[in-house]
Amino acid sequence: MDTDLIPSLSLPPPIMPFRIYGHNYLDKQCLVQITLGRPYSRYHASIEPVEITAWSSDYPVGTPHPRPHSLLKMVMTSRAESASVPVSLTVPLSEERDVVTFQVQDISELSLEFSFYPKFGSKTIGRAAVLSSVFENVKDSKIIALAILDHRLHIIGRVTFEVRIIRPFNGATLQLGGAIETYWKSSGHMPQKSDNTELVAVNHSALDSTHTSPSNRSIPTGSSGSMIVSSLSHEFITVVVQGTRDHIPVVYPEWNLPVDGLNIGVSDVTCAQFMSIANQKGRSLSSRPSRIVSVAEWATLLGNAMITLETLLTILPPDLGVNLNVAYPNRAIRDSYSLGHWLDLNSYVESILMVIYQAASTQSRRKLCFLSFSPSVCTALNWKQPNYPVFFASHCGLPEEERAKWRPPRPEPETDRRCSSVEAGVEFARTNNLLGVFLNARLLTKVPALIQGSKDSNLLLGAFGDTDDVAVLQSIPGPPVGRPDATWSRGVVRFVDNTNLAAE
């Protein structure tokens, strides 16, 4: 027997993990999100996305249409692009929160047409249309209700939807190296021993966007676990960013300014007025203190400071990571705190990005990430630039007194399901290609299965809350897959460095 013919049984060298740098973003086109119904409004409970009723003279007003809802289908067509693909949905909708997303070159040419047919047939029952002028001056989102007309032009129903438009930001490009610190991410699968105490191996693969939400997956119980490895590591100082009336991003942790006897928001004053108040209260900061050396000391100093974002990036050491908590008040917060001026979402986010990219062109490479409790801000930040990661933070329905402890406070009842439900929050982050979510640490200590459930959606999981709750999560025994990837407490975010797992 010729031993030379026996093939070698040695294994090839390990495959390097597949890293994805940055994420998809808008280059020249605008993103349009159509959400059927009013799922994110405080009045959504009594509103159906599609109502077919007999509002004509043939039947009394409000009586059900003789055609059963189950036999209808709705086809939505965009007239902005000649090659647009119609979207077909069954009525009644399987979920009240069906979201249709598409991109258009010019918003001024956007128009939508809703056509209703029998589920099995091609005869048109009714149509509704919306012209391009309706989409003008959409600051955050806009609720639109359209009458459905039959072939006799009689009103037979109504279709209600919420539209959100994200415009492209011209100052962003995907850069690897150079002045901008572009993040990377890689997904992995971690087999574990039955006792769940020792790491065996890690096999990394490309990110798969087909993962479902935790509600549709079983939680692993010691056999395997998914995880995301990213370039984020070490400590990041966290500051709250808001916008003034003249679209200058500033650092301030409260909704109302410290003006005695008046309820004035940051967006109600100009930057000059903001700095005047800061100087009067002794809370301005124009130069780098000589005695501040640690991240915790910086967090304490900036906790009550009133400065512009440009000044902050100038005085902070370049090797100090920055996590920007971008605050954007919804309608409930504006009513609760008597906030007058409402900033346009696109202009507000672009003003922040402009300062960041200008600072990156003149300073050394700085690690930076975004975080927001506002789903609208997270969507805009992620689609306008590809270089910096975005996290969605949610209290997930905790009592109002718990939410009121955080700056800026959110004591009002949560009406947005993405902010009150773990399932909806994780699904929102996954479908919008965010890097991860930050959930309240107290909730995670009570339901530890949420940790792996969130990671199974190919997301980084962070925990924020009281120091004691964060310490409990950090001390969970076993491999890193069973613990949060980051913690946020006392103004500092600490990312766990899991990059060494990729080499094992």
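Does N433 count as buried, partly exposed or exposed, and at what relative accessibility? At 30% relative accessibility, N433 counts as partly exposed, where buried means under 20% relative accessible area, exposed means over 50% and partly exposed is in between, with a 1.4 Å probe and protein chains only.

The model is predicted, so that local features need pLDDT of at least 70 and side-chain atom pairs count only at pLDDT 80 or more, whereas totals for chains, interfaces and linings use all residues. Residues are numbered from 1 along each chain as its sequence is written, and side-chain values use heavy atoms, with hydrogens and water left out.

The chain holds twelve helices and 24 strands, these being DSSP runs numbered from the N terminus, with helices (H or I) of at least four residues and strands (E) of at least two. Of the 504 residues in the chain, 52% are buried. Among contacts between residues at least 6 apart in sequence, 68% join residues at least 24 apart, contact meaning heavy atoms within 4.5 Å.

The axes of helix α5 (residues 345–362) and helix α6 (residues 375–384) come within 10 Å and cross at roughly 55°; axes are lines fitted to C-alpha atoms, for helices over the stretch in contact, and angles run from 0 to 180 degrees between N-to-C directions. That angle makes α5 oblique to α6, since angles under 35 degrees count as roughly parallel, over 145 as roughly antiparallel, 65 to 115 as roughly perpendicular and the rest as oblique. On the α5 side, L345, N346, V349, E350 and L353 meet S376, V377, A380, L381 and K384 in α6. The residues of this contact divide into six nonpolar, two polar and two charged, where Ala, Val, Leu, Ile, Met, Phe, Trp, Tyr, Cys and Pro count as nonpolar, Asp, Glu, Lys and Arg as charged, and the others, Gly among them, as polar.

In the loop between β19 (368–372) and α6 lies F373, whose partner W488 belongs to strand β23 (residues 486–489), 115 residues apart in the chain. F373 is buried, with a relative accessible area of 8%, and W488 is buried at 4% relative accessibility. W488 also forms a tilted pair with F464, at 5.5 Å centre to centre and 45° between the planes. Because F464 lies in strand β22 (residues 460–464) and W488 in strand β23, this pair ties together parts that are 24 residues apart in sequence. F236, F373, F391, F438, F464, W488 and F495 form one aromatic cluster.

R366 sits in the loop between α5 and β19 and counts as buried at 7% relative accessibility. Leaving aside neighbours within four places in sequence, R366 is in contact with E181, L313, L316, P317, P318, L320 and V322.

Most residues other than glycine have a negative phi. N433, in the loop between α9 (422–431) and β21 (436–440), has a positive phi of about 60° although it is not a glycine. H247, in the loop between β15 (234–243) and β16 (249–251), likewise has a positive phi of about 60°.

Definitions and conventions:
Phe/Tyr/Trp six-rings, centres within 6.5 Å; stacked < 30°, edge-to-face > 60°.
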